Amino acid sequence: MSPQFALIYSSRFAHYSYGEHHPFKVDRYRLTYELMEHCGLVASPQVLQVECPDADEKNLLSFHRPDYLKTLAAFSADDEVHANFFYGLGDVENPVFRGLYDWARLMCGGTLEAARQVCDQGMRAAFNMAGGWHHAHAARASGFSYLNDSVVAINHLLDQGKRVVYVDLDAHHGDGVQEAFYTTDQVMTISIHENGKDFYPYSGFVDEVGEGAGYGYSINLPLVPHSDDLIFEQALQRIVLPLIEAFRPDVLLTQLGADFMRTDPLTRLEGTTSFMEYAARQFLATGIPWVAVGGGGYDRLNVARAWTLLWAVMTGQEAPDKLPPSFLPVIETLGEKITWLRDAPHLASPDDFSRAQQHLDKTCSYLERQIFPLFHLRAGGR
Ligand SMILES: [Zn+2]
């Protein structure tokens with residue numbers, strides 16, 4: 001059997017650091033890969049492992065400004081202290097470190113490679129866990145993101161005449177990707193996230209629906225804090241899946257940040273691994289060639305567990321409920337103690353749930369009124 005699923009990875013993912021006190025820890029990638037291996041999910045004849053390449057500057061220039069790339073390259077070259085707040089570089093959030101440009105090009109190269117595996121090599125699906133830097137703008141770093149891998153990969157797909165739906169499940173709004181495609185009808189961006197009223201990046205409101213030719217092609221589902229799996233699943237069923245079906249893209253690109261999980265230290269949503277598996281099953285069932293990328297997630301074991309389960313669903317392999325015993329010593333060395341792969345079911349408190357449901361109903365009604373008619377869709381009926 002020839003491989004149908006590409007796993008993009010490199011041991012180089014672990015060669016960089018945002019600094020000891022930064023919430024983003026690069027060792028989440030090594031941990032995820034090792035957990036996949038310990039679960040027996042990598043060495044399958046269906047799986048093609050691909051060494052993650054660096055993105056070419058030519059591809060980066062499809063979105064990023066040359067002056068910004070030049071600055072990134074210059075700041076990256078030595079250990080001197082560098083900052084340029086115009087470009088969002090060198091603050092606590094987006095630190096400058098030696099090799100920064102190589103790091104960002106590697107992350108970006110992985111998503112481009114995943115897109116090529118699906119588009120040119122005929123893979124059913126491909127996963128770049130090191131992608132998902134959805135806050136990067138054309139000439140500004142933001143939210144730990146320096147280069148916007150999804151935008152660069154989607155531009156590559158557009159060059160080949162493909163139409164794309166981008167779905168973003170990260171707890172934060174996918175603002176950089178939305179902005180890049182706000183005026184086109186060739187890409188639909190859909191983001192489910194914690195309400196930006198008092199939460200970074202303070203955007204992603206339901207009435208941000210695109211402009212000009214792009215009117216109706218930017219979709220936002222802001223959720224109130226404490227929204228749980230039941231709310232996420234409804235958002236997918238009521239809005240996201242009908243729109244994917246109506247738009248009928250050539251490629252589906254999903255950003256699967258694991259910071260929607262209830263134990264994430266930076267966010268207030270209450271999702272579990274169950275929603276990651278649910279969403280992955282739904283994306284697979286569309287039958288559309290699928291590029292998946294990682295994203296946020298500031299509890300490294302959440303990240304490793306969520307993306308291992310995602311990978312199992314994507315490739316049609318079984319995953320156990322508990323962490324394999326052989327993996328326990330790995331996490332003990334990190335000072336962690338958990339034993340489960342799948343989270344126990346979790347429901348928000350009744351008060352929180354009813355608030356979240358009311359807010360979701362309002363959001364869905366708005367989108368059903370404003371957006372569904374553009375695609376000849378009716379509420380509750382696909
Ligand atoms: Zn996030």
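Two residues are taken to be in contact if their C-beta atoms, placed from the backbone, lie within 7 Å. By this criterion, residues 24 or more positions apart account for 75% of the contacts in the chain with a separation of 6 or more. The structure is a predicted model, in which local features need pLDDT of at least 70 and side-chain atom pairs count only at pLDDT 80 or more, while totals for chains, interfaces and linings use all residues. Residues are numbered from 1 along each chain as its sequence is written.

Helices (H or I, at least four residues) and strands (E, at least two) are DSSP runs, numbered from the N terminus. The chain comprises 11 helices and 8 strands. Its radius of gyration is 19 Å, close to the 21 Å that the globule rule gives for 382 residues, so the chain is as compact as a globular protein of that length. The radius is taken over C-alpha atoms, and the globule rule is 2.2 Å times the number of residues to the power 0.38. Along the principal axes, the C-alpha atoms fill a box of roughly 55 × 50 × 45 Å. A residue is classed as buried if 20 or more other C-beta atoms lie within 10 Å of its own, as exposed if 12 or fewer do, and as partly exposed in between, with C-beta atoms placed from the backbone. Of the 382 residues, 50% count as buried.

Helix α1 spans residues 27–38 and has 12 residues. The distance from its first C-alpha to its last is 16 Å, close to the 16 Å expected at 1.5 Å a residue; the expected span is 1.5 Å times one less than the number of residues. The buried residues of α1 are R28, Y29, L31, T32, Y33, L35 and M36. The elements that cover them include β1 (5–9) and α9 (300–315). Just after α1, G40 takes a positive phi of about 75 degrees. R12 is partly exposed, with 16 other C-beta atoms within 10 Å. Its C-alpha is 43 Å from that of H359, a residue 347 positions away in sequence.

Two packed helices are described by the angle between their axes and the distance between the axes. Axes are lines fitted to C-alpha atoms, for helices over the stretch in contact, and angles run from 0 to 180 degrees between N-to-C directions. Angles under 35 degrees count as roughly parallel, over 145 as roughly antiparallel, 65 to 115 as roughly perpendicular and the rest as oblique. A crossing is left-handed if the near helix is turned anticlockwise from the far one by less than a right angle, and right-handed if clockwise.

Helices α1 and α9 pack at an angle of about 45 degrees, with their axes 8 Å apart. The two are therefore oblique to each other, and their crossing is right-handed. In this pair, D27, R28, L31, T32, L35 and M36 of α1 meet R300, V303, A304, W307, T308 and W311 of α9. For helix α8 (residues 273–285) and α9, the angle is about 30 degrees and the axes are 9 Å apart. This makes α8 roughly parallel to α9. The contact is formed by T273, M276, E277, A280, R281 and L284 of α8 with R305, A306, L309, L310, V313 and M314 of α9. The crossing of α8 and α9 is right-handed.

Within α9 is N302, which is buried, with 25 other C-beta atoms within 10 Å. Neighbours within four places in sequence aside, N302 is in contact with A258, M261, T263, D264 and G297. N302 and D343 are 41 residues apart in sequence, with a C-alpha to C-alpha distance of 9.3 Å.

In helix α5 (residues 149–159), 8 of the 11 residues are buried, so the helix is largely enclosed by the rest of the structure. The buried residues are D149, S150, V151, V152, A153, I154, N155 and L157. Just after α5, G161 has a positive phi of about 80 degrees.

Further backbone features occur in loops. A cis peptide bond, with omega about 0 degrees, joins Y200 and P201; P201 is in the loop between β5 (187–194) and β6 (218–223). Y202, located in the loop between β5 and β6, has a positive phi of about 60 degrees although it is not a glycine. Y202 is exposed, with 12 other C-beta atoms within 10 Å. H226, in the loop between β6 and α7 (229–247), is likewise not a glycine and has a positive phi of about 80 degrees. H226 is partly exposed, with 18 other C-beta atoms within 10 Å.
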